[in-house]
Amino acid sequence: MAKNTEIAIKVDAVSKRFKIPHEKHSTLKAAVLNIFNKKSYTEFQALEDVSFEVKKGEFFGIIGRNGSGKSTLLKIIAGIYVPSRGKIKINGRISPFLELGVGFNPELTARENIFLGGSILGLTKKEIKKRFNKIVEFSELQDFIDMKFKNFSSGMQVRLAFALAIYAHAEILLMDEVLAVGDSNFQNKCLEEFNKYREEGKTVVLVTHDIAVVQRYCDRAMLLRNGDIVKIGKPEDIGNEYILQNMEDEEKRIQEEQKENDEESTFREGDVGITNVEFLDSRGQERNVFGTGDDIVARIHYFSEDTIEKPVFGVAIHTQDGIHISGPNTRTSGFMIPEIQGEGYLDFIIKEAPLFTGAYKLTVALFNWNLSIPYAYQKKKYTFKIKSAEENQYGVVKLETSWKI
Amino acid sequence: MKKTISYNYFGLVRELILTDFKLKYKASFFGYLWSLGKPLMFFGVLLVVFTKFFKIGGSIPNYPVYLLLGIVLWTFFTEATITSLTSIVGKGDLIRKVYFPRIILTVTASLTALITLLLNLVVFFIFMAFSKVSLTAASPLFILILIEFIIFTIGVSLYLASFFVRFRDIAHIWEVTIQVLFYATPILYPLSFVPDRYQSVIMLSPLSQIIQDSRYLLISNETSTAFDVLSFPFSLIPYLLPVVIFISGYWFFEREASRFAEDI
């Protein structure tokens, strides 16, 4: 069994930067001509100051979205990439490959491929011979051992590759999305085999998108995001964090999309629109959080290239959960604007706002007098918050109320 | 269990060479016989053309074997360097997915050509047996020249392979260079045909020195060597160059190797 205190992999402040040249000079002429020019390239920070340890006998999962740097990290651990900064310490014999079947040649037979693949993984001929029968047995390819690899079904190819990987007997096994191949039966067989591996005190590092795999098999997991470690901990927590993160990203994406749509709609009707709304307090200070009973000024900035006669500005206030609190417009309020032209603003004032703690969404719109042409309509685009000093309030609105007995 | 990352260099090189060799003749009926048959036919053609048609080497004793040896050695150099050139770039997929010492790929490419050389030498010795050349006590020293040749070739290959990752022009530059070197080396013509003042320039090249020394050791001790053409300290240059190129090539390759996975 593993001595759990021993460290198998120590990653110490590792950073990795890729230089992506704008124009790759793959000809000598280009390189010669550009010797004196400043080299132009984009730097891409794939990993930023990443430190963690993997203990011996651990099944360690690395999870993250595309571009989070997880594959880069695995490649650095394997020695395929050299880190820009930082150090890697490996204690034990490491499998230097990330994908199954690396180095197999389709023209060779299964037998020849076991020897070729084994050598690439760093095994001696003697070591391969010793394991040959076990590899063949595990892959269930006894009858096809002298058949060319290219004539194997993809399932058979994976079986052979996995068998070789398992019996390469590295102490530390690195795997990148290995389970993306094969049917679910085979995937389970692989994972069970990884479990056996761990019981022998060997270490497995697995990079995956699959939360279920991490939660079911890993002892510990790490969540990466944009080259940073978000969290290291129990697979359950990491999995949940990952789901949460994905949800947040999704929310952000939707919001941005909406924003774009809104902006589009704002300027669709010629060059007329509401350019911004800012919230001010009674002293004219810009702020977004108010107290209950404060005056709130919503300054609506507009722009109109042509003259609009008798425009109507309207607003609507909604609570976070969509309750429509109020929706006045200048016409119903009896506030007649003769005309607008060019840039300007209009103040909408909520006197002694009788609202309790919460976030409120403001919708603003600009119409013609008959309300038949919507020049601008920005639905729930602007948010202000109320933070009430009074405790124990229930509901949304503070009504002028009294009690009598 | 081993505690440090050790690598079975030799095992992998051997396995890769065997694979290359197997693949080369995999689907052919005569298989390995081709590796002997091809040089045999080629040599036959050369002999007819250069001894019956051109008669360049009329005054040179044993010109046929003299010519053959030059061609055999030259073929190794071109084959080894040209396959080595693409040895890294051609295996890009492997390099991006698994770590192993990259130098193995380039050394393997050079040594695969060595197998061809050894087979060609077997054919060469068959030809020699039919001519009236007899080996001397010094002939076994040819092994040392062969080792020098391998070191030189691998050194050049290391430069070419690592340069090619960054500058693809090298392939064309090398193609042209090889053609120039072919005529700048006494392969088809005997060195004695060359005006004296050019002889010394030609002999500075390790290629000329290697071919001339091999002829000296195996065919005729009348062959002029670096020591005949160059004065003492200069005559060492062709012997030292392979070592310098090998060591600096190794250093250069290893410096570049850490970035191969990103650059390919």
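Two residues are in contact here if their C-beta atoms, placed from the backbone, lie within 7 Å. Keep that in mind for the interface. One caution: this is a predicted model.

Start where the chains meet. On the chain B side, 24 residues are in contact with 32 residues of chain A. Which helices of chain B each supply at least two residues of that side? They are α1 (9-24), α4 (92-97) and α13 (260-263). The largest share comes from α1(B), with five residues. The side of chain B that touches chain A has eleven nonpolar residues, nine charged and four polar.

Next, chain A by itself. Chain A runs to 405 residues, and 35% of them count as buried. Its secondary structure comes to eight helices and 16 strands. Look at contacts between residues at least 6 apart in sequence. In chain A, 72% of those join residues at least 24 apart.

Now one sheet in chain A. Five strands form an open sheet, in the order β10-β16-β15-β12-β13, and the pairing is mixed. Why do β10 and β13 of chain A each have one side without a neighbour in the sheet? Both stand at the edges, β10 at 289-290 and β13 at 324-326, and each has a single partner strand, so one side stays without a neighbour.

As a reminder, strands of a sheet pair through backbone hydrogen bonds, either parallel or antiparallel. Take β15 and β16 of chain A, residues 358-367 and 374-386. These two run antiparallel, joined by nine bridges. To find the pairing on your screen, go to A:Ala365. Opposite A:Ala365 stands A:Tyr377, in β16(A).

How values were computed
Residues numbered from 1 in each chain as written. Chains lettered and ligands numbered in written order. Predicted model: local features only at pLDDT ≥ 70, side-chain atom pairs only at ≥ 80, totals over all residues. Helix = DSSP H or I, 4+ residues; strand = E, 2+ residues; numbered from the N terminus. Nonpolar A, V, L, I, M, F, W, Y, C, P; charged D, E, K, R; others polar. Buried ≥ 20, exposed ≤ 12 C-beta atoms within 10 Å, placed from the backbone. Pairing = 2+ DSSP bridges.
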